[in-house]
Amino acid sequence: MLASRGRPVYIVDGARTPLLKARKGPGPFTPVDLAVEAGRALLLRQSFEPDQFDEVILGCVNVHADEVNPGRVAALRLGCGAEVPGWTVQRNCASGMQSIDTGFRTIADGDGDLILAGGTEALSHAPLLFSDDASRWFAEMFAAKSAAEKLQALAKVKPGHFAPSIGILRGLKDPVVKLSMGQTAEKLAHLYGVTRQDADAYSIRSHDRLAKAQSSGHLEEMNPIIAGNGEVYDHDDGVRAGNTVEKLGKLKPAFEKPFGQVTPGNSSQISDGGCWTILASEDAVKKYKLKPMARIIDSEWAACDPAVMGFGPVISSTPLLNRHGLKRTDIGAWEINEAFAAQVLACLRAWEDADFCRDILGLEKAFGAINQDALNIDGGAIALGHPVGTSGNRITLHLIHAARRLSARYGIATECIGGGMGGAMLLEIL
Amino acid sequence: MREPLETRAIALEALTSDPLTIAAAAKSQPKELSSLKLENWHAYLDSDGCAWVIADRKGSSANTLSTPVLKELDVILGGLEAISPKAVIFRSAKKSGFIMGAEISEFSNMVESTAVKAVLDRGLALLDRIEKLPAPTIAAIHGYCLGGGLELALACNYRIITDDARLGFPEVQLGLHPGLGGTWRTLRMVDPDVGIEMMLTGRSLYARQAKKMGLVDTVTQERHMASAIEWARKGKLKTDHTLSTKGVAMNLGPARPLIAGQMEKQTAKKARREHYPAPYAMIDLWRQHGGDWKEMRRAESESFARLITSETSQNLVRVFFLREELKAAAKGKEAKIKHVHVIGAGVMGGDIAAWSALSGYRVTLQDMKPEFIAPAMKRAQKLFTRKLRAPGEARAAMDRLIPDLAGDGIAKADLIIEAVTEKPEIKQLVYSQCEARMKRSAILATNTSSLLLETLAAGLKAPKRFCGIHFFNPVAKMPLVELVSHEGLDKQTLNRATKWIADIGKLPLQVKSAPGFLVNRALTPYLMEAFIAYGEGVKPEVIDAAAEDFGMPMGPIELADRVGLDVALHAAASMKKQIGGTFPQIPDWFKKKVAAGDIGRKSGKGIYAYDENGKVQKEETDERADDGLQDRLILPMLNACVACLADGIVESAELTDGGIIFGTGFAPFRGGPMHYIEKRGANEIHSKLEALAEQYGPRFKPHKGWKTLL
């Protein structure tokens, strides 16, 4: 058995909502609504009551104004009772993985035994933002007391004040290198010669794999939402099976017009969804007779220049394997979050590139090719969508189900993180 | 792993509610107060020289204005008149609220109007003395403040209420209007439209509504009560006890008859004058004396005395106590239920689950497909939004109501209610799945309306924890729940289920397992007779009118359409099978109609047609039924009640009356079927039944149980 840090930590269960593609306007659920929907059936099937958690940790990037600490609000709404602390973690695209990592380290260090760790996001609710100039003007208006002052303030208004910007677009632009996430994918594609056809073909595979997983019942971690509006949300509705390279080829580039190659068709979708995992110590497993699905061996966070953030999976997973003396071929199942098709493909090529592996990963030779039949076997964010706070949690949970089907002993869930980071979780499947 | 500590959770919870603001007594007290022997009040001066008069009725969790309570108030006022406190503050020491109103048990003896007037005069004199106290008088109100309690508060200079307070005049529900100055004391400072509406509906106002209409001076939180009282006694609290210009105009002679006419029209939609005279008396009172408060005061007493001695009011008081009697069955019992699991998300199962979640329980609602559960969630959301107005409460109720496709709730539940299709083999399959997973301490209940418990209990591993918990449609509106017992049921299960029914705000009625139990056993012959009359060619409008003339809230044809003709047919067929004999033949046209899919409002067409909003399309008709039709409809119901009582399905005549009123809406002002038999005369009804049997057939044959009544 591979040594882990501190006490052994198990993932004993987990569940998620369907991921719902953002269409026109805000979707029916806030981030906490989604977390509640993801958690209710999950908590119901446990042998313990929700008030027995040591804490609740939730990843979320775009926090709703009415639920400023979604972790605590979700804990209360899930019936954990007044006394279970709840908090929220944010590491951009890896927030839902951060919650697992924080829970893992807490239990490993002996500071807790039973932790609910999740991720949630409602990108369809991302706010419209006003410019700083507009905010200043609003403040002046509210501060004005006399009618004359109010009139004066009113006279200062400029038409530009009322042009809001879309929060999600600003969130997807790196504030340091001033590149949008799509542009970083364009850079990676260029570096490793990923063509538009390569990317579109990968995207089609992601959709087809998800469609197959849906029809074969392989998404057992998903619980339908039966909402108060009488609607049933029972599947990841971004899936489009049976697309062709010709059809996808017609889409226009989204970020670098007109020559770019990253299109809406080969990027992850903007979606809403929530996911939870339950982490337990050995003591908790014994006390509540839980059935561990996987043991968390270790995790790794790494960082690089924000302009090439897409290499995050490579720079985080490789040292994680090295630390435990594992080879590429020891990993029987991979979940690499599909921010962009070009980005995933560039990662795979970087691993096969001796120079990259030597200069950046410090390996003597190329890491080698990852078995495509062990990678994202049920599709990924391109087909499912990428609710940023949720994805890290979702791929870690789904890795367990995928690895079980592949009879893999070890699996890695990893993702790139806007801002130039990578995160990876190494699991032993039980 | 957190180890939740129940004592700490309770202590934490207690921190969330503000303790009541009641000043301590000063060390030295004037003997005018200290010498009083009080059992139901506390009266003393605080260190600022303000008098506190605190209602704290002995041996009760709520205050009412019983004779002893009023007698003590009399001596307290004597003490206050002799000293000169800086202010007089009326409060309650009870958590439940201020004062709930009169002691209704004293109403049953009020049959003689001069005696009633004497009682009223004594009460009015007390409130006048409060009004005349020279110091500022302040009613500091939390929780419920109803009827006589509100009348006392209205005699004070100031009314300060907390934001959880509920104020109202529920007298109309007892066939009365306010009688201790409530009518004119309200209307001299509140506009007549809102003031009279409040008395006509009997509705309890929320704090904000009461403030808006000018009934109270300020709304605050309990934690600021001391400051609010200080403001009031120092004259800092702004008050406006005058009517709006509109209100003044409405009170003028020429306007009153017009407005009163409008009010009568509105009232007629809800209640008929001949059945419920009280709201009309209230309107008359204002029409004749609005604006002249002195005259209105005199007329209020007279009108009240007339109403309370009437049969309607006495019957409604009886209904009030029937309700209390049904509730009393839960007294001293413990439910020990936190989680309710409902199997079957149809109309009944879904609505039972929603009602349970509304009442604060964690609820799981199990069915096989999400699509089966979705309509129930939608109805639940509607119910919660309507019933739970405080921010976040409706959402919290939705969070408590958990769709459960896997049936995981079975293992967590303390009470499992099965509401699947009325087929014994399917129900038994559900039970075996439940018994394999449920907690040993959990109760297994069925919502069956037509199957015998003995049939369903066959094959159970532990029949002692199995019972019937039978709700009526629509669950949110019908107060009664039948608790069906059987031979193998143990006392503990029965007690826990009884208490749970009361805890969700319903009225438990214990009945024995028998065809149709009590309510459907009585209701089905009534519906059947309506169908038979319809088959004979009587217009449905005429049939319904005959029943409504009697006082039924809705005629039998419309009721059957609403419940669903399919449901009615199933109930009739299974009762025919179980009772056989004299139970009427089910008409063929009825079976055909159901087979054709015309099953009532839910399909858009039943015996009546319905528009797209589900509104019934009735034909205007001048035709009236002869008296015979009303008896044809009502008497079979009475006959069935006598049968149930004789067969021991229900324990007493009172419980029969309660069950039928709260389970069917049977004309409350008639006091219940058994009471009606007594009033009209058992002999007369018995011979009428015999005559009907002669004319129409053996289905009218009086049950042998009549013998004990004749």
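This is a predicted model: local features need pLDDT of at least 70, side-chain atom pairs count only at pLDDT 80 or more; totals for chains, interfaces and linings use all residues.
Close-up 1. The buried ones are A:P70, A:G71, A:R72, A:V73, A:A74, A:A75 and A:R77. Look around them and you'll find parts of chain A among the covering elements: α1 (31–44), β3 (55–59), β4 (86–89) and β5 (114–122). Following α2(A) comes A:G79, with a positive phi near 80 degrees.

**Close-up 2. Where chain B meets chain A.** Chain A brings 27 residues to this contact, and chain B brings 24. On the chain B side, five elements each supply at least two residues: β11 (362–366), α16 (370–387), α17 (393–400), β12 (401–404) and α18 (409–412). Which of them gives the largest share? That would be α16(B), with nine residues. Sort the chain B side by residue type and you get 13 nonpolar, eight charged and three polar residues.

**Close-up 3. An open sheet of eight strands in chain B.** Reading across the sheet, the strands come in the order β12-β11-β10-β13-β14-β15-β16-β17, and their pairing is mixed. At the edges sit β12(B) and β17(B) (507–512), each of which pairs on one side only. On average, neighbouring strands here are turned by 25 degrees against each other, ignoring direction. Zoom in on β11(B) and β12(B), and you'll see a parallel pair with four bridges. One residue to look for is B:L365, whose bridge partner in β12(B) is B:P403. Over at β16 (480–485) and β17 of chain B, helix α28 (residues 653–664) lies across the two strands. This helix runs at about 120 degrees to β17(B).

**Close-up 4. Strand β4 of chain B, covered on both faces.** Is β4(B), residues 137–141, mostly covered or mostly open? It is mostly covered, with five of its five residues buried. In a regular strand, side chains alternate between the two faces of the sheet. Here, B:T137, B:A139 and B:I141 are buried on one side, while B:I138 and B:A140 are buried on the other.

**Close-up 5. The partners of β4(B).** Strand β3 of chain B (residues 88–92) runs parallel to β4(B), and three bridges join the two. Within this pairing, B:I138 of β4(B) has B:I89 standing opposite.

**Close-up 6. B:I138 and the largest nonpolar core.** This core has 343 residues, and B:I138 is one of those with the most contacts inside it, along with A:L279, A:A342, B:I89 and B:I416. Helix α27 of chain B (residues 627–646) gives the most to the core: twelve residues. Leaving out residues up to four places away in sequence, B:I138 touches B:A87, B:V88, B:I89 and B:F90, among others. Its contacts also include B:C156, B:N157, B:Y158 and B:I160, as well as B:I229, B:A232 and B:R233.

How values were computed: Residues are numbered from 1 along each chain as its sequence is written. Chains are lettered from A and ligands numbered from 1 in the order in which they are written. Two residues are in contact if their C-beta atoms, placed from the backbone, lie within 7 Å. Ala, Val, Leu, Ile, Met, Phe, Trp, Tyr, Cys and Pro count as nonpolar, Asp, Glu, Lys and Arg as charged, and the others, Gly among them, as polar. Two strands pair if DSSP finds at least two bridges between them. Axes are lines fitted to C-alpha atoms, for helices over the stretch in contact, and angles run from 0 to 180 degrees between N-to-C directions. A nonpolar core is a set of buried Ala, Val, Leu, Ile, Met, Phe, Trp, Tyr and Cys residues joined through C-beta atoms within 7 Å. A residue is buried if 20 or more other C-beta atoms lie within 10 Å of its own, exposed if 12 or fewer, and partly exposed in between; C-beta atoms are placed from the backbone.
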